[in-house]
Amino acid sequence: MALRAAEWQKLPISLMELCINTTLRCGQSFRWRKSAEDEWSMVLHGRILSFRQDATYLYYRATFPSALPTPPHSNTPSIAPPIASDEDDTLALIQHYFNLEPNLAQLYEQWASADPNFKKRAPKFTGIRILRQDPWEALIGFICSSNNNISRISGMVHNLCKHYGPLIGHVDGEPYHDFPTPEALADPKVEAHLKELGFGYRAKYIAKTARIVAEEKGLHWLEDLCNPESPIFGKEPKPADELAEGGREGYRKAHEGLLALHGVGPKVADCVCLFGLGWSESVPVDTHVWQIAQRDYKFGKGKHSSLTAATYTAVANRFRQLWGKEAGWAHSVLFTADLKAFSERVVAKSEIKEEKVKVEKEPDGSETIETVTDVTVKRVKRIKTEDEPEHDVVQIVGDLRTRSKRRKAV
DNA sequence: CCTGAACCTGGTGT
DNA sequence: AACACCAGGTTCA
């Protein structure tokens, strides 16, 4: 398999501007895979991209598919066409995908000065950017996300690529496929197959949506819902209209259009708008965000005691009012801070402290001092209820005590 | 408009 | 071990 694996390149960028370890794991894309220690890989625009990062650089490498097609056997997706080697647009692609234009540190400052809660939560979650993902991939990925968890969603999306997406190449012996086209998922056998693969009721949503996009509306319909300022890779940006309370007109049109699809409700539509269509003011209100809105932004009472459609827009509007045009970006920071996968980073009441537990005299005259480094994670939840207005619930997440013994010479 | 129930599945907690 | 509960919700009555 003659794969052209390029050398590692590097792009200077600080962890405050982009942190791939957070951005690629925070549930906005379900397709990134760990290809080695501290190395993330995925297929993008017909090539495998791999990334590493340190404090000063983002390191990247592109692996293009071989020009030689391998013999296809039954039910195997076709091989992607090779890409001309002389015009390597990988750097431009990366800058587009990671959405590197906005100054993130500046935005964090803006959100922090407008919102004390953001200011409190954000310091341990810097460098989170909204990716510019393919609209079609975002649509299918977030249809999979309904009433589901990130780990299973990732597995499902991986299965879609594996069974219906073109094989691009291998990294560390593992095959990497691109995301399937609408046509590939519009096949009549797809629904039953996806059910066998454990997609549950989402199998029907995916099959229906694929048929509508492939045979009725066309992929251009979806791509034309993009924010004109933030078009798909390779297109020229054009200005968008003014921000209103409910978002720009283009955003509202896109959201409305997506709602017509089966399996797409307000939350999924917002995820597609934010992560796939470049509408930065989109604020998906899911269970996490609803919890946050109740805990930190006084929602959950009176008219907005449950997450109805009206409450949904009220919450989203509140966050747009608070954070402005890039409200969806700020939202993702707080969302990530709420994810269990990142719970070790939550603001702990007791930070690392070391205390002596016992001192043992050894027969040889030296003494052994045993210490306990208490890094037990205590997550403090501020709960507000009717009868008890405000009390803290200290949750011991994990006992991470590390005992260290060290010898002290006499 | 709002409410409640059903929906697939796999991991976690009791 | 069996069972409830939950996970980036949506549909239907």
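The model is predicted: local features need pLDDT of at least 70, side-chain atom pairs count only at pLDDT 80 or more, and totals for chains, interfaces and linings use all residues. Residues are numbered from 1 along each chain as its sequence is written, and side-chain values use heavy atoms, with hydrogens and water left out.

R202 belongs to helix α9, residues 202-217 (a DSSP run of H or I, at least four residues, numbered from the N terminus). R202 is buried (under 20% relative accessible area with a 1.4 Å probe, protein chains only). No salt bridge is made by R202 (a side-chain nitrogen of Lys or Arg within 4 Å of a carboxyl oxygen of Asp or Glu); the nearest side chain of opposite charge, E191, is 12 Å away. Not counting residues up to four places away in sequence, R202 touches I143, C144, S146, N147, N148, R152 and M156 (heavy atoms within 4.5 Å).

The residues around DNA strand B are N147, R152, G198, G200, Y201, R202, S306, T308 and A310 (one heavy atom of the residue within 4 Å of the strand). Of the atoms of DNA strand B that come within 4 Å of the protein, sugar and phosphate account for 52%.

| Protein atom | Atom of DNA strand B | Distance |
|---|---|---|
| Y201, polar backbone atom | sugar or linking oxygen | 3.4 Å |
| R202, side-chain N or O atom | base oxygen | 2.7 Å |
| S306, polar side-chain atom | phosphate oxygen | 3.4 Å |

Note on methods
Chains lettered and ligands numbered in written order. Helix = DSSP H or I, 4+ residues; strand = E, 2+ residues; numbered from the N terminus. Buried < 20%, exposed > 50% of the residue type's maximum accessible area, 1.4 Å probe, protein only. Lys, Arg positive; Asp, Glu negative; His and termini not counted. Polar contact = N/O pair within 3.5 Å; in protein donor to acceptor, adjacent residues only side chain to side chain.
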